[in-house]
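I opened this notebook to keep a record of what I looked up in one structure.

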Amino acid sequence: MSEITETVVTFSVGDVASTGRIVHIADGTAGQKIVVLDTTAAHPVDSAWPDQGADRGSLTVDGSTLALLDVVVCATDGSGFFAGSDIPVKKGAEGWTFVVGHVTETDAALTLGTEVAVEIDPAYRRALSAGHTACHLASLALNVALADDWTKAVAADGRGVANFDGEAIASSRIEEFGSTDVYRLGKSLKKRGFDKARLLAETDAVAAAVNAQLAEWVGSGVAVDIRREGDTLIARRFWESALPGGAASIPCGGTHVRSLSELAAISVTLDASEDGTELTMRTTAVAS
Ligand SMILES: [Zn+2]
């Protein structure tokens with residue numbers, strides 16, 4: 001296998017178009033091809049923590065346009081090439097190279113070294129970016145609303161607030177202009193000191209407190225920055241915003257709005273399962 005280097009990713013600076021050269025072509029499922037470029041603007045889904053899904057868009061090679069069917073994280077150890085959930089190691093594992101795989105349905109005109117133009121659907125990207133920023137803000141606001149429900153010292157979030165989100169999150173899905181986060185309210189959370197009695201008894205009041213905090217933050221219109229420790233897919237990136245009441249920094253590989261002024265409103269609903277072991281937070285963002 002020829003030498004494959006880490007993909008340089010430009011979605012993290014907000015790009016929706018790029019050109020890159022083909023450095024690897026692999027067979028996907030059902031006759032599909034997986035194309036790896038040295039540089040791409042396409043955001044892939046991460047199979048280990050699939051919060052933000054793949055971008056939509058197209059590839060243009062030698063004047064012909066190919067549909068971008070999916071964008072997936074791939075990895076190679078120099079002998080094997082693995083896509084998505086087939087990757088046998090954790091992201092960043094030593095001796096492994098992590099790349100962005102562009103899934104397309106044909107191998108016509110696909111040869112190593114060929115230049116490929118990537119074009120991302122900007123409206124869909126903007127909707128996911130709004131949803132992802134809203135998701136982070138909602139989780140921080142939920143931490144604030146539940147800060148007094150801990151009976152023991154617990155790890156703090158980036159703003160110094162007891163990190164309910166970090167301790168209880170089971171899954172997070174970014175949607176267009178929103179997100180759905182599911183939290184586990186089980187025995188291990190209780191052991192770590194979270195008393196869920198008030199949350200279960202006053203779920204609507206907790207949601208109202210979250211929404212009041214979100215309204216204040218959205219009203220501030222502060223900037224959102226993605227701080228990057230490098231430009232490759234696996235370089236660490238942080239979502240950062242100087243929110244009123246305390247600046248936030250959250251490790252994040254996704255895409256985001258550049259400022260809260262791009263949003264007119266964010267609100268959540270909270271629903272506890274009947275047995276009280278699970279909390280679902282649905283977040284909705286409105287563009288300004
Ligand atoms: Zn994130």
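**Conventions.** I worked on a predicted model, in which local features need pLDDT of at least 70 and side-chain atom pairs count only at pLDDT 80 or more, while totals for chains, interfaces and linings use all residues. Residues are numbered from 1 along each chain as its sequence is written, and side-chain values use heavy atoms, with hydrogens and water left out.

**Overall form.** I looked up the secondary structure and found five helices and 17 strands. Helices (H or I, at least four residues) and strands (E, at least two) are DSSP runs, numbered from the N terminus. The C-alpha trace spans about 60 × 40 × 35 Å along its principal axes.

Of the 288 residues, 48% count as buried. Buried means under 20% relative accessible area, exposed over 50%, and partly exposed in between (1.4 Å probe, protein chains only). The protein exposes about 12800 Å², of which carbon and sulfur atoms supply 49%. Accessible areas come from the Shrake-Rupley method with a 1.4 Å probe; for residues, only the protein chains shown count as cover. Among contacts (heavy atoms within 4.5 Å) between residues at least 6 apart in sequence, 66% join residues at least 24 apart.

**Nonpolar cores.** Which residues have the most contacts inside the largest nonpolar core? I noted L142, F164 and L214, in a core of 40 residues. Such a core is a set of buried Ala, Val, Leu, Ile, Met, Phe, Trp, Tyr and Cys residues joined through side-chain atoms within 4.5 Å. The elements that each supply at least two residues of this core are α1 (122-145), α2 (164-168), α5 (203-220), β15 (248-251), β16 (263-272) and β17 (278-287). Helix α1 gives the most, with eight residues. I listed the contacts of L214, leaving aside neighbours within four places in sequence: L137, A138, A141, I266, S267 and V268. A second, separate core has 24 residues, including A41, A42, L66 and L110.

H132 in helix α1 and C252 in the loop between β15 and β16 are 120 residues apart, and the pair links distant parts of the chain. H132 is buried, with a relative accessible area of 1%; C252 also counts as buried, at 9%.

I checked strand β9 (residues 97-104) and found eight of its eight residues buried, so the strand is largely enclosed by the rest of the structure. T97, V99, G101 and V103 cover one side, and F98, V100, H102 and T104 the other; all are buried. Two strands pair if DSSP finds at least two bridges between them. Strand β3 (residues 33-37) pairs with β9 in the antiparallel sense over four bridges, and V36 stands opposite G101. Strand β7 (residues 70-76) runs antiparallel to β9, joined by seven bridges. Within this pairing, V71 has H102 as its bridge partner, and C74 stands opposite V99.

Six of the seven residues of β7 are buried. Three bridges join β7 to strand β8 (residues 81-83), again antiparallel, with A75 opposite F82. The two form a hairpin with four residues between them, and G78 in the turn has a positive phi of about 100°.

**Two single residues.** I looked up D149 in the loop between α1 and α2. D149 is buried at 8% relative accessible area and touches G193, F194, D195 and R198, not counting residues up to four places away in sequence.

T280 lies in strand β17 and counts as buried at 12% relative accessibility. With residues up to four places away in sequence left out, T280 touches T180, D181, V182, T269, L270 and D271. I also noted that T280 and T29 are 251 residues apart in sequence and 34 Å apart in space, C-alpha to C-alpha.
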